[in-house]
Amino acid sequence: MSGLSITPYFSFARVKLVSQNVHLQGEGGGTLIHLAPDDRYRPRCHECGHPGTVHSTGLRRILRDLSLGPAQTFLDVQYRRVWCPACGRAVVEQLGFADTSRRITHRLARYVYELCQVMTVSDVARHLELDPKTVKAVDKHFLRQDYGRTDYEGLRILAIDEIGLHHGQQGYVTVVLDYLTGRVVWLGPGRKAETLDAFFAGMTTEQKQGIEAVAMDMWEAFIKAVQTHCPQARIVFDLFHVVQAYGAVVDAVRRQEYKKADDEQRAFIKGSRYLLLSNRENLKADQQDRLKELLAANHRLSAVYILKDQLKAIYQYGSHPWAKKALDQWCTLAAEVEHPLMRRFIGRLRYFEYGILNHCHYPIGTSRLEGVNNKIKVLKRKAYGFHDSEYFALKVKQALPGVQLTTKTG
Ligand SMILES: [Zn+2]
């Protein structure tokens, strides 16, 4: 048995194991490992790492370390104050295995960080019997290290959208995604032009000039910000958002038709909102039959419904002139459906035409941001809350690192 030793498990620099107390009761209990300075090495300054000379001894601190089997493990560390010639004063010596400010070792902190990727803060705290505040502080510390800086390197195509966290204007965050990798590049509260200004503020001129295209909704604040910072970038309006905006026209016409219909017609129109606004592929067989009957019975609804499909079809052109022709035709046909909302929609479509036709050059959209939406729902369920918006943004960035396209250097 003389070959057994716990020393290899505590191969920390510049300290040696002195003794060990074990108190095991059944499956629980703990072990206390006493560590003392190893005099063969010169102590170092914890601030600058410079070797110093011993100034005073006798300081002690208890640190929590990774468990040994079922035993919670604590380190009773003796350490010293050193005179640092570089700092010109007496400072606490550097312990390579722990921060002077923390009550847990580096390797336990790392373990906490890893667990926090798959467990909630309170679960990790319960599992390791640590204070939830400590767990969160450790998680945030490493997250800041790994995701705190906005990485603008190699960005060419962006997708930008706002995500509603809770009701009201205050409840929005703007998310910027690297379209090509799926990485969440940036998250910021609000959805104004100034919100995005903050994102662009960290970019170099060269990086701004490197942005070729940006997918987004027809949202003036975002358009303005992109045009200001990246005037060369092609803005592409997302198909889903355009069709969604058209949905308001469909619904308005449906309500109008319902009002003027007789009882027989009303039976068809009643409860048809979902049928008209959903994608046909998502309807069940009986719903598809009902939709068919409705469109056969009402000429005007049939017209706005066909226009919905034709609006989507504009996005299928790869040629700019052909797409432009299809859009012109669409507007002519749509003008025949007399409704103030339709007139307004046509006006909007004309106004934002450039960004719809840009889809021919960059066939992109914001649907990839759905992944972000889903992650946010998961994080919300895990009760991270939005009180600490920095922590929340870091968690989202960590959850959506994207796929690596090229090997990064440096
Ligand atoms: Zn120093």
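This is a predicted model: local features need pLDDT of at least 70, side-chain atom pairs count only at pLDDT 80 or more; totals for chains, interfaces and linings use all residues.
View 1. Residues are numbered from 1 along each chain as its sequence is written. Helix α7 (residues 239–260) and helix α13 (residues 340–351) have axes that come within 9 Å and cross at roughly 165°; axes are lines fitted to C-alpha atoms, for helices over the stretch in contact, and angles run from 0 to 180 degrees between N-to-C directions. Helices (H or I, at least four residues) and strands (E, at least two) are DSSP runs, numbered from the N terminus. The two helices α7 and α13 are therefore roughly antiparallel to each other, where angles under 35 degrees count as roughly parallel, over 145 as roughly antiparallel, 65 to 115 as roughly perpendicular and the rest as oblique. On the α7 side the contact (heavy atoms within 4.5 Å) is made by V242, A245, Y246, A248, V249 and A252, and on the α13 side by L341, M342, F345, R348 and L349. These residues of the contact of α7 with α13 divide into 10 nonpolar, no polar and one charged, with Ala, Val, Leu, Ile, Met, Phe, Trp, Tyr, Cys and Pro counted as nonpolar, Asp, Glu, Lys and Arg as charged, and the others, Gly among them, as polar.

View 2. The zinc ion has as its protein donors the SG atoms of C45, C48, C84 and C87, which lie 2.2 to 2.3 Å from it; donors are N, O and S atoms within 2.8 Å of the metal (3.2 Å for Na, K and Ca). Along the chain, the donors of the zinc ion follow the spacing C-x2-C-x35-C-x2-C. Distant parts of the chain are linked by the pair of C45, in the loop between β2 (30–37) and β3 (53–68), and C84, in strand β4 (residues 71–84), which are 39 residues apart.

**View 3. Packing of helix α15 against helix α16.** The axes of helix α15 (residues 370–381) and helix α16 (residues 389–399) come within 10 Å and cross at roughly 125°, which makes α15 oblique to α16. Here V372, K375, I376 and L379 in α15 meet F392, K395, V396 and A399 in α16, and the residues of this contact divide into six nonpolar, no polar and two charged.

**View 4. Packing of helix α1 against helix α2.** Helix α1 (residues 106–116) packs with helix α2 (residues 121–128) at an angle of about 135°, their axes being 9 Å apart, and α1 is therefore oblique to α2.

Methods
Side-chain values use heavy atoms; hydrogens and water are left out.
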